[in-house]
Amino acid sequence: MTPTGHAAVDHLLPRLAREPQYPTQGATLFVDLERRDLRRAYTPRQVVETFLEGRGANMFYLYNLLDPTIPGGPLSPSVPLIFGCGILTGIVPSAARGNVTSWSPETHVLMDSNAGDYFPSFLKLSGYDRLVITGRAENWVYLYVEGECVEIRDARHWQGLDNIELRERVAAELGAEWTRNLAMASITRAGENGALCAGIMAGPKAIYARGGTGAKMGAHRLKAIVVRGFDPGRATGAHAARVKPTNREIARQLLGTTVVQHALKIRGTPFLYKPSRLLGAIGALNHQQTTWTEALDAENIDPFRPSMAGCFRCPVNCRPRNDLARGGRGKGDRYDAGDGPDYVTVGKFGPNVGVSDVAQVIRLNNIANDLGLDAASLGSAIAWAMELYQRGMLTKKDTGGLDLTWGNYEAIENLFFAAASREGFGDTIAWSGRAVDAGKYPPEALDYRMAVKGLMQSDPHDARIIKAFALGLAVATRGMDHLRNRVTLEINAKINDDPPFKRDLYGGAVSAKPNAYDGKALAVRACEDTFAVGDAVGMCRFTTKLFNSPSLPGLEQFSKQIENVTGIALSPADLRAIGLNITGLERMINYALGARRKDDTLPRRWFEEEIEWGAYRGEKIGRDEFERMLAEFYALSGLDDEGQPALDFRARLAAVAAGFAVTVRIPKEIKALPGGGLVVTEAVASIRELRAALDHQFPGLGALLASDAFNFAVNGEVLLHGAEDHPLQSGDRVEVVMAMSGG
Ligand code: SF4
């Protein structure tokens with residue numbers, strides 16, 4: 001039986017390091033909320049060299065601590081909730097990010113979500129690279145971190161508080177000041193109530209948004225993680241004299257790009273709305289239309305924007321603040337001012353639900369931030385409901401009297417609160433993409449759900465025109481999310497008109513036409529690798545090469561600064577391979593959770609319905625062409641027919657992740673297995689033990705292989721005697737062959 005929770009940590013600890021493996025490495029702190037115990041260790045050097053930190057090492061821990069058969073599924077307190085910081089988080093300008101990883105209650109595949117603001121940097125610079133949370137506290141608690149002091153404290157008095165009030169109360173109670181000496185990751189009532197569209201707030205606006213993170217944290221009865229202060233000395237690094245000059249180079253480079261200078265620093269990501277709507281590529285009315293009003297262009301947010309804000313030591317400051325009263329549209333309540341909106345919020349609370357008034361979009365943004373809701377899942381779930389209402393598949397009887405006509409602001413605002421409290425029809429919205437599984441909608445409703453692998457689409461974009469973008473959404477390991485591999489440079493005319501430059505950028509020929517399919521798999525692979533490394537470094541996606549600009553810092557700069565800070569030499573090519581390793585391990589986790597090739601797909605609408613507006617009218621995704629792109633992507637990614645790493649690649653990853661791996665190839669006449677074999681990660685010392693391990697996975701198989709009809713070959717050598725006791729070690733390749741003299 002696979003150990004879970006505390007026992008799984010017991011099992012893993014002997015494989016971890018007792019001391020830091022490089023000068024700036026922080027501890028992995030295992031927090032069992034039920035037993036109220038804390039244990040610490042360090043991620044082994046080999047794991048760091050294979051997966052880095054942040055998102056990468058988070059996968060190592062999830063792989064080892066997850067039992068997909070556990071009763072209660074993703075919300076079981078024995079399934080860990082893992083907060084990880086990148087290897088350069090808090091050390092490099094704009095590397096302010098960290099990832100939260102688990103088994104998603106929203107999608108039932110991998111959950112992995114990224115956020116910035118101040119929490120990840122404070123955590124890293126307090127000496128912790130990772131928190132692994134298991135167990136369910138007896139009552140609501142919070143975790144208090146102040147350097148070496150880590151305490152599980154009572155949070156019952158904070159129960160039910162949303163983001164604005166919670167932040168006021170925490171700062172007052174602790175006598176500390178946000179961003180100066182206080183940072184927090186926390187949930188609101190939505191997370192406490194298990195709403196699947198609830199995120200974990202990391203600031204006034206920053207949110208670990210995707211996959212039901214808030215519900216997962218709520219299932220542990222963990223209201224917040226509060227970090228007080230940090231030690232700047234922890235950013236010194238192995239080659240201290242080189243760190244600062246390299247930081248200055250990186251800052252100069254990212255501040256020198258056009259996208260940062262003229263868009264992100266001035267208006268933030270809402271600048272993306274206008275080009276999308278002009279292209280006819282913005283999702284409107286749940287993607288029934290693909291353009292929308294100019295009233296939501298970023299310029300129209302200007303009158304409501306008093307200033308910009310940003311994350312820990314990031315020179316970009318891309319987050320617009322808002323003040324509706326300043327623009328004459330205040331209502332005299334707490335939602336008159338706030339942080340945001342960003343492009344996702346504009347798209348999801350504007351065109352996707354039929355809202356055209358910029359002040360209404362800003363107010364919805366402020367409410368969602370307070371309620372701790374993921375704008376992407378929430379906006380998509382409401383748009384889905386509105387389309388069902390439009391089609392008569394939902395009526396006022398189902399919605400508790402709510403009129404879900406497109407753009408009905410009052411109904412939309414009402415649903416935000418109702419979803420957080422899980423009241424009335426809000427409970428259906430709180431189920432997010434799982435409303436059919438929960439019995440809230442009939443199965444036919446799935447025809448109108450804009451989701452992949454169960455995750456509602458993150459980006460406001462409609463990807464029927466840009467085929468690389470569409471492929472990226474289909475193959476993203478956490479579901480339909482642009483931040484895993486968004487190939488934005490596909491609509492950069494200068495790059496498309498410069499084939500040699502484009503070839504260099506992606507390492508091969510990629511068609512200049514956004515709506516062509518040729519070579520697009522190459523572009524998606526390059527983005528997957530670079531962005532996975534970016535997350536493992538802690539770098540913000542907006543300031544990473546290939547996302548919005550080819551001139552931003554990328555693998556070359558990461559390589560240099562990783563060596564300066566950690567002393568670990570990893571070339572840009574090594575880092576690229578690490579990107580592939582990270583997504584490969586994610587696919588192994590997803591495979592264990594039941595994801596297959598059929599799940600790397602797109603919503604029905606995009607295959608069957610054509611775009612009706614703009615220069616690309618008539619575009620949709622061709623099924624055959626999509627399958628061809630997908631096959632190319634699998635080949636480039638070293639995947640087998642079912643989308644998991646092919647046998648040898650899988651064995652290489654498992655050898656590091658599980659600490660032991662033997663590849664076993666078996667003729668399909670005996671057992672048909674994807675890729676012709678399997679990887680055994682149970683530490684077996686002989687063929688006899690290997691057969692027993694095979695029996696654990698496929699009862700009867702090991703016993704069958706004891707028959708004299710079969711021989712074993714180990715590393716290419718057939719064993720003709722003494723086979724049962726033949727020693728095995730990690731890395732061995734075993735093949736079952738028919739015995740010539742078999743009976
Ligand atoms: S670019 Fe914006 S989101 Fe990214 S780290 Fe800087 S301020 Fe934060």
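Select α15 and colour its buried residues: Ala411, Ile412, Leu415, Phe416, Ala418, Ala419 and Ala420. Buried here requires 20 or more other C-beta atoms within 10 Å of the residue's own, exposed means 12 or fewer, and partly exposed lies in between, with C-beta atoms placed from the backbone. Helices (H or I, at least four residues) and strands (E, at least two) are DSSP runs, numbered from the N terminus.

This is a predicted model, in which local features need pLDDT of at least 70 and side-chain atom pairs count only at pLDDT 80 or more, while totals for chains, interfaces and linings use all residues. Residues are numbered from 1 along each chain as its sequence is written.

Stay on α15 and check its length. The helix covers residues 409–421, and at 1.5 Å a residue its 13 residues should span 18 Å; the end C-alpha atoms are 19 Å apart, which agrees. The expected span is 1.5 Å times one less than the number of residues. Just after the helix, select Arg422, where phi is positive at about 55 degrees.

Next, show what covers the buried residues of α15: α6 (189–192), α12 (358–371), α13 (375–390) and α16 (426–430) are included.

Move to Leu373. Together with Ala419, Leu373 touches the most other members of the largest nonpolar core, which has 237 residues. Such a core is a set of buried Ala, Val, Leu, Ile, Met, Phe, Trp, Tyr and Cys residues joined through C-beta atoms within 7 Å. Beyond four places in sequence, the contacts of Leu373 include Ala190, Cys197, Phe416, Ala419 and Ala420; contact means C-beta atoms, placed from the backbone, within 7 Å.

Now colour by domain: domain 1 (5–235), domain 2 (240–438), domain 3 (467–637) and domain 4 (660–738). These bounds come from an automatic or database domain assignment.

From α5, step to Gly175, in the loop between α5 and β9 (182–186). Gly175 counts as exposed because it has 9 C-beta neighbours inside 10 Å.

Finish at the ligand. It is surrounded by 13 residues, the closest being Gly310, Cys311, Cys314, Cys318 and Cys540; a residue is near when its C-beta atom, placed from the backbone, lies within 6 Å.

Conventions. Contact = placed C-beta atoms within 7 Å.
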